[in-house]
Every structure is written in structure tokens, then in C-alpha cells.
Amino acid sequence: MDWNTEKENLRTGGDRNWWKAEPGQVLIEFLSDGEEYETEWDGKILKKVRFDIKIGSEEYSWGVTKGETENSLYGQIALVGASTDKLEGIKITLVVKGTGKETTYTVLEALPLM
């Protein structure tokens, strides 16, 4: 193993192609089961999960705040993950309504699981 080559191939957080949800409906394919991390926002530490996803032919990183209810975006994703025992390779249909702090998310595949 050439560790210098491995190091050169590592991506930093700034190198990621982050996806930001916009109002509408989108089909998302999970390329990973997620990786936990923390970030600071508005003076608070938020627990988040970063998923590698694919939308159409484009690959992105998607940061989702770890919500505590099944109605939260993370909760809906967790319901789908629990029903399939994984997320990698799973596709979901995400409906995004509103903008900013007024944004709501619905994972259509989670509705029958609630």
C-alpha cells in the first residue's frame, strides 16, 4: 500500500459535492448507509449524518440533521432503513415543501411505515 498515494486521493469536507434540497420532488438513491458527524450552526452543535447519494447521474454528499421523531427527515429515512435493513442501494422519493426554517420533508416510502 502506497500511503502517500492514498493520502493524495483523500477528499476533504470542502471537496465534497454537497446537495441542498430545493422545493419539489426528487428521486434519491443511497450510495452509503451514512456516517455520523457534528457541525456547529447558530452557536449550537448539531448531530448529523452524511449520506453519499445519487440523483440522476450526479453523485452528492447529503447532510441530514439527526431528528428525534419519525416525522423528522432523519426519522423517515430511519424507518426506510429499518424496513430494508440497509440504505445503500435503496431509492426514495423525497418531497420538499417550503424554504429555510419553514421547510418540510416527506419521504413517500416512509408513509406506510409510520
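Visitor: Which residues of H2 are buried?

Guide: In this predicted model, the buried residues of H2 are Leu73, Gly75, Gln76, Ile77, Leu79, Val80 and Gly81. They pack against S1, S3, S4, S5 and S6.

Visitor: Why is leucine 73 called buried?

Guide: The relative accessible area of leucine 73 is 12%. The term applies under 20%, and therefore leucine 73 qualifies as buried.

Visitor: What does leucine 73 contact, leaving aside its neighbours within four places in sequence?

Guide: Leucine 73, which lies in helix H2, is in contact with Trp62, Val64, Leu94, Tyr105 and Val107 once those neighbours are left aside. Its C-alpha atom is separated by 13 Å from that of arginine 50, a residue 23 residues apart from it along the chain.

Visitor: How do you know that the span of H2 agrees with its number of residues?

Guide: H2 has twelve residues, and at 1.5 Å a residue these should span 16 Å. The expected span is 1.5 Å times one less than the number of residues. The end C-alpha atoms of H2 are 17 Å apart, and therefore the two values agree.

Visitor: What makes up the largest nonpolar core, and which residues have the most contacts inside it?

Guide: This core has 21 residues, and Trp19, Ile28, Trp62, Ile77 and Leu94 are those with the most contacts inside it. Two or more residues come from each of strand S1 (24–30), strand S3 (44–55), strand S4 (58–65), helix H2 (73–84) and S5. S3 provides the largest share, four residues.

Visitor: What does tryptophan 19 touch, not counting residues up to four places away in sequence?

Guide: With those residues not counted, tryptophan 19 touches Val26, Ile28, Ile53, Ile55, Tyr60, Ser61, Trp62 and Leu94.

Visitor: How do you know that S3 and S4 pair?

Guide: At least two bridges are needed for two strands to pair. S3 and S4 have eight bridges, in the antiparallel sense, and therefore they pair. One of the partners in S4 is glutamate 59, which is bridged to lysine 54. The hairpin of S3 and S4 has two residues between the strands, and glycine 56 in this hairpin takes a positive phi near 65°.

Visitor: What makes the contact between glutamate 35 and arginine 50 a salt bridge?

Guide: The closest N and O atoms of glutamate 35 and arginine 50 are 3.2 Å apart. The cut-off for a salt bridge is within 4 Å, and therefore this pair meets it. Glutamate 35 is in strand S2 (residues 35–41) and arginine 50 in strand S3, 15 residues apart, and the pair thus links distant parts of the chain.

Visitor: Are glutamate 35 and arginine 50 buried, exposed or partly exposed?

Guide: Glutamate 35 has a relative accessible area of 43% and is partly exposed, as this value falls between 20% and 50%. Arginine 50, at 7% relative accessibility, counts as buried.

Visitor: What other residue forms a salt bridge with arginine 50?

Guide: Aspartate 52 does, with closest N and O atoms 2.4 Å apart. At 23% relative accessibility, aspartate 52 counts as partly exposed. A search of the whole structure finds four salt bridges.

Visitor: Why does the salt bridge between glutamate 36 and lysine 66 tie together separate parts of the sequence?

Guide: The closest N and O atoms of glutamate 36 and lysine 66 are 3.0 Å apart. Glutamate 36 lies in strand S2 and lysine 66 in the loop between S4 and H2, so the pair ties together parts that are 30 residues apart in sequence. Glutamate 36 counts as exposed because its 57% relative accessibility is over 50%. Lysine 66, at 29%, counts as partly exposed.

Visitor: Why is threonine 103 called buried?

Guide: Threonine 103 has a relative accessible area of 19%, which is under 20%, and therefore the term applies. Its place is in the loop between strand S5 (91–97) and strand S6 (104–107).

Visitor: What lies 2.8 Å from a polar atom of the side chain of threonine 103?

Guide: The backbone oxygen of glycine 100 lies at that distance. The backbone nitrogen of threonine 99 lies 3.5 Å from a polar atom of the threonine 103 side chain. Not counting residues up to four places away in sequence, threonine 103 touches Val96, Lys97 and Gly98.

Methods
Residues are numbered from 1 along each chain as its sequence is written. This is a predicted model: local features need pLDDT of at least 70, side-chain atom pairs count only at pLDDT 80 or more; totals for chains, interfaces and linings use all residues. Side-chain values use heavy atoms; hydrogens and water are left out. Buried means under 20% relative accessible area, exposed over 50%, partly exposed in between (1.4 Å probe, protein chains only). A polar contact is a pair of N or O atoms within 3.5 Å; within protein, one must be able to donate a hydrogen and the other to accept it, and residues adjacent in sequence count only if both atoms are side-chain atoms. Contact means heavy atoms within 4.5 Å. A nonpolar core is a set of buried Ala, Val, Leu, Ile, Met, Phe, Trp, Tyr and Cys residues joined through side-chain atoms within 4.5 Å. A salt bridge is a side-chain nitrogen of Lys or Arg within 4 Å of a carboxyl oxygen of Asp or Glu.
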